[in-house]
Amino acid sequence: APTPLLRIINVEEFVTVRSIPSVEGDVVGRANGGETYEYTEERNGWYEIILPSEDVGWIDGTYAEITS
C-alpha cells in the first residue's frame, strides 16, 4: 500500500502541531504550508503526522489535503 501522505493547505506559513488531537494540546512543532508529510492516523478531523525530526504530532484537518 502507498505511504499515506497529506499536504498542508489553506495557510501561508505554517500550522501548529500539537501533542493531542485538540487545540488544548501542547505545541510540539510546526508543519509548513505547501509541504507534504506522512500521516499515521485520523481522529475527530485531526491528523497525526510525522515531522522531519521524526517527532509525531497532530494537525487540524482543515489544513490537510490527502495526497495518497
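This is a predicted model: local features need pLDDT of at least 70, side-chain atom pairs count only at pLDDT 80 or more; totals for chains, interfaces and linings use all residues.
Let me begin with glutamate 65 and arginine 7, whose side chains meet in a salt bridge at 2.3 Å, N to O, the term meaning a side-chain nitrogen of Lys or Arg within 4 Å of a carboxyl oxygen of Asp or Glu. This pair links distant parts of the chain, since glutamate 65 lies in strand E7 (residues 64–66) and arginine 7 in strand E1 (residues 5–8), 58 residues apart; strands here are DSSP runs of at least two residues, numbered from the N terminus.

Residues are numbered from 1 along each chain as its sequence is written, and side-chain values use heavy atoms, with hydrogens and water left out.

Glutamate 65 is partly exposed, with a relative accessible area of 32%, and arginine 7 is likewise partly exposed, at 32%; by this scale buried is under 20%, exposed is over 50%, and partly exposed is in between, with a 1.4 Å probe and protein chains only.

The whole structure holds two salt bridges, and the other joins arginine 43 to glutamate 41, with the closest N and O atoms 2.8 Å apart. Arginine 43 is partly exposed at 37%, as is glutamate 41 at 30%.

Finally, threonine 36 sits in strand E4 (residues 36–43) and is partly exposed, at 44% relative accessibility. Leaving aside neighbours within four places in sequence, threonine 36 is in contact (heavy atoms within 4.5 Å) with Leu5, Leu6, Arg7 and Thr67.

Conventions. Helices (H or I, at least four residues) and strands (E, at least two) are DSSP runs, numbered from the N terminus.
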